[in-house]
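This report is a first tour for a reader new to the structure.

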Amino acid sequence: MTVPATKGTGKRPSLWRNREFVALWSGQVISTLGTQISGTAMPLLVLATTGSPSDAGLVGAAGTLPFLLGHLPAGPLVDRWNRRKILLVSQLVAGLALSTVPIAMWLGVFTIAHLAVAAFVQGMCFVFFGLAERAALPLIVPASLLPTAIAHNEARSRGAALIGPPLGGMLFGLGRAVPFVADAVSFLIASVGMLFIRSDLQSRTTKPVESLWQATTAGLRWIWRHPFIRAAVVLIAVSNLVFHALILIIVVLAQHHGATPTDIGTMLGIYSGGGLVGALAASKLHHHFTPKAVIIGVNWIWAALLPLFVLTSSPLVIGVIGAASAFVGPLWNVVIISYTTLLVPNELLGRVMSAAMTLSWGVMPLASVGAGLLLTTIGPTSSVLVLSALMLITAVAATASPALRHAPPLPAHDEVLGGR
């Protein structure tokens, strides 16, 4: 394992001297950017082919369906199978699936159904890779550097979300197949990085092997028995619900105030930029605040910021308010994910993460439907106020929660979990 030997030296370990983390992170910078590029191109390709927004919606649904269907069964499989192989195979299969799209276009046999299948396979690979990466990370990175590693992963995702969409649109303008070729190549490059990970990424356990059903529900049972993790999952679910709905609502709100598509694009770019800056800052900021202050305090910051959206008609100001809310999000994610990664036994980590993500990501379709209903029935301004009220209730509940108020500090010693 490539973890710096620091005990007895007095030197603080450096994440960038950890060869395996650098290989994993660097490959995923490229792969995540490629995913954003093809994700932007998919609806453009559907609209250019059929002109049907409903077809574009179906392809988008196919890509996110694995988030709901795949996480629970993938969890126990990640804990049972070789995680290093899962990381490698997920990249190769996703790249292969995306490469079939330009091939079909060049052969003149491309169909929307084909694109939907490719999107589904890519989404399923994302589920397996994400769970395997989260379970493997504490076996690669010392516990004292785990929050920093998670912050770097946040920056990776936020940066790709900022750069990928305009790059995907530009590449699509060069040729309809170009974004998909770029994504397929990005997966190939990322898979090369997996070859530099030599460590055994399994956490050994002497417990008897459970049935697949017991293993699938083990994560849910573990979450239910641990008040802190249970409360954290609820907070993540509520924040996902609020902010997934908020994106659509502020777009409609900006349109209501006369914003042009260019104005809205700029507004969303500013919003994403706040998340990227927050992700870059999170690796330093988490040292200056107690985990309890972050977990509870960020909810109060969101509760204070959300009502501000209704006080302005400027899309630029809306973007700045969104950027402020996005800025604190990565710090919140770093603390909660670090807690979960450190508290959950590593042999259960895949299953617990899969259960948590099923519960917290499963609200996103509900958020989309709810946002549409709110906008239709009460309009954008009142919709923002409804989300603000929900966020305020959540902040009060977080403050009142004994499990969150008595959260212990994160480990500060230089060790790798699982005795590694």
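## Overall fold

The protein has 16 helices and zero strands. The model is predicted. The chain counts 420 residues, and 53% of them are buried. Contacts reach across the sequence. Among contacts with a separation of 6 or more, 86% join residues 24 or more positions apart. The protein exposes about 18100 Å², and carbon and sulfur atoms supply 71% of that area.

## Residues inside the helices

Start with Ala62. Ala62 sits in helix α2, which covers residues 53-69. Ala62 has a relative accessible area of 13%, under the 20% cut-off, so Ala62 counts as buried. What does Ala62 contact, leaving aside its neighbours within four places in sequence? The partners are Ala116, Ala119 and Phe120. Leu115 is 53 residues from Ala62 in sequence. In space, the two C-alpha atoms are 9.2 Å apart.

Ser90 comes next. Ser90 belongs to helix α4. Is Ser90 buried or exposed? Ser90 is buried, because its relative accessible area is 6% and buried means under 20%. Ser90 touches Cys125, Phe128 and Phe129, with residues up to four places away in sequence not counted. Helix α5 spans residues 112-140 and holds Phe128.

| Residue | Relative accessible area | Class |
|---|---|---|
| Ala62 | 13% | buried |
| Ser90 | 6% | buried |
| Phe128 | 16% | buried |
| Ile30 | 34% | partly exposed |
| Trp16 | 41% | partly exposed |
| Trp81 | 45% | partly exposed |

## Aromatic rings

How many aromatic pairs are there? The count comes to six. One of them joins Trp16 and Trp25. Their ring centres are 5.4 Å apart and their planes stand at 75 degrees, so this pair is edge-to-face. Trp16 is partly exposed, at 41% relative accessibility. Ring pairs also bring in Phe21: Trp16, Phe21 and Trp25 are linked into a cluster.

Trp81 and Phe128 form another aromatic pair. This pair is stacked, with 6.4 Å from centre to centre and 10 degrees between the planes. Where do the two partners lie? Trp81 is in the loop between α3 (71-80) and α4, while Phe128 is in helix α5. The pair therefore ties together parts that are 47 residues apart in sequence. The partners fall in opposite classes of cover. Trp81 is partly exposed at 45%, whereas Phe128 is buried at 16%. Phe128 is also one of the residues that Ser90 touches.

A charged side chain meets a ring elsewhere. Arg230 lies over the face of Trp224, at 5.0 Å from the ring centre.

## A nonpolar surface patch

Now turn to the surface. Val29, Ile30, Ile103, Trp106, Leu107, Val109, Val181, Val185 and Ile189 form a nonpolar patch there. Together they have about 810 Å² of accessible area. Which elements give two or more residues to the patch? They are α1 (19-49), α4 (83-107) and α7 (178-194). Ile30 is one of the patch residues, and its helix is α1. Ile30 counts as partly exposed because its relative accessibility is 34%.

Note on methods. Residues numbered from 1 in each chain as written. Predicted model: local features only at pLDDT ≥ 70, side-chain atom pairs only at ≥ 80, totals over all residues. Heavy atoms only, no water. Patch = residues over 30% accessible without salt bridge, like charges linked within 9 Å, V, L, I, M, F, W, Y side chains within 5 Å. Areas by Shrake-Rupley, 256 points an atom, 1.4 Å probe, with all protein chains shown as cover. Salt bridge = Lys/Arg side-chain N within 4 Å of Asp/Glu carboxyl O. Helix = DSSP H or I, 4+ residues; strand = E, 2+ residues; numbered from the N terminus. Buried < 20%, exposed > 50% of the residue type's maximum accessible area, 1.4 Å probe, protein only. Contact = heavy atoms within 4.5 Å. Phe/Tyr/Trp six-rings, centres within 6.5 Å; stacked < 30°, edge-to-face > 60°. Lys NZ or Arg CZ within 6 Å of the ring centre and 35° of its normal.
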